[in-house]
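Hi everyone, thanks for coming. I have one structure to walk you through today, so let me put it up on the screen.

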Amino acid sequence: MMEIRLMSYGGLKDITGSDALGFAIPQQAVSVTELKELLLARYPALEGKTFRIAVNERFVEGEFEVGSGDNVALMPPFSGG
Amino acid sequence: MSDKKPKNIFVEGPISPVKIGEDIAHHQKKTNIGAHSIFMGQVRADSVEAAKVSAIEYTAHQEMALSTMHEIREAIFAKYPLTCLHITHSLGVVKAGEICLFVFASAVHRKEAIDACEEVVERIKKELPIWGKEIFAGDQYQWKENRG
């Protein structure tokens, strides 16, 4: 069991209901791919949404391992300017 | 040339045209400059069905935006012989008609100023983790999408 800090940006905030929250994970570590599956199970409205994941301010994907206390940012396509 | 520490680019609310004028005036003492190229992004009152955008509320992943902007600055200074480059982007609510982005590139000659300014604007739109929420009259809103 561990907890990560989940930060949601742009329209994804409307889906997770908060810009920052603790997200409990039943393992000690998960890959980004596994984390995405857990997020989809918890927030079905993420299905079909385009977003990237940054862990501790670096974009990551696939087998990158997410551990306890990591800051995980869910970021939809940017729309600045 | 450019500093090593990321510079802040964010201001709360709209970018004042007075501030833009003052920024231009401050460069009058830099007499090696022969050309400024400036870009200003303005919030457009887009119509979506019957509703009109009255404002855009900007949020950002500020740490990532500033470090990415720093990398863009370094790349731009390496590519173009610029004298200076200033970037300001709004956070929070900016009403239709107000300025939300200001890019100011200065060089000895016009071509590098114009090219650098354009490239910076394109990269800001594409690479900075900033999001715009288009607010309509009442409580309606939609999340802005940038065109390619």
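Some housekeeping: residues are numbered from 1 along each chain as its sequence is written, and chains are lettered from A, with ligands numbered from 1, in the order in which they are written. Please keep in mind that this is a predicted model, where local features need pLDDT of at least 70, side-chain atom pairs count only at pLDDT 80 or more, and totals for chains, interfaces and linings use all residues.

Let's begin with chain A. It has 2 helices and 7 strands, where helices (H or I, at least four residues) and strands (E, at least two) are DSSP runs, numbered from the N terminus. Reading from the N terminus, the order in chain A is β-α-β-β-α-β-β-β-β. The radius of gyration of chain A is 12 Å, close to the 12 Å that the globule rule gives for 81 residues, so chain A is as compact as a globular protein of that length. That radius is taken over C-alpha atoms, and the rule is 2.2 Å times the number of residues to the power 0.38. Along the principal axes, the C-alpha atoms of chain A fill a box of roughly 40 × 25 × 20 Å.

How much of chain A is buried? Of its 81 residues, 22% count as buried. Here, buried means 20 or more other C-beta atoms within 10 Å of the residue's own, exposed means 12 or fewer, and partly exposed is in between, with C-beta atoms placed from the backbone.

Now to where the chains meet. 12 residues of chain A are in contact with 20 residues of chain B; contact means that the C-beta atoms, placed from the backbone, lie within 7 Å. The chain A side of this divides into 6 nonpolar, 5 polar and 1 charged.

Over in chain B, look at helix α2, residues 62-79. Its 18 residues should span 26 Å at 1.5 Å a residue, and the end C-alpha atoms are 25 Å apart, which agrees; the expected span is 1.5 Å times one less than the number of residues. Which residues of α2(B) are buried? They are Met64(B), Ala65(B), Met69(B), Arg73(B) and Ile76(B). Their cover includes β4 (52-55) of chain A, along with β4, β5, α3 and β7 of chain B.

Next, β4(B) itself. Strands pair if DSSP finds at least two bridges between them. β4(B) runs antiparallel to β3(B), with 2 bridges, to β7(B), with 7 bridges, and to β5(B), with 4 bridges. Ser47(B) has Lys52(B) as its bridge partner, Ala60(B) has Ile130(B), and Tyr58(B) stands opposite Gly92(B). β3(B) and β4(B) make a hairpin with 2 residues between them, and Glu49(B) in the turn has a positive phi of about 55°.

Finally, back to chain A. Most residues other than glycine have a negative phi. In the loop between β4 and β5 of chain A sit Asn56(A) and Glu57(A). Phi is positive in both: near 45° for Asn56(A) and near 70° for Glu57(A). Asn56(A) is partly exposed, with 13 other C-beta atoms within 10 Å, and Glu57(A) is partly exposed too, with 13.

Definitions and conventions
Two residues are in contact if their C-beta atoms, placed from the backbone, lie within 7 Å. Ala, Val, Leu, Ile, Met, Phe, Trp, Tyr, Cys and Pro count as nonpolar, Asp, Glu, Lys and Arg as charged, and the others, Gly among them, as polar.
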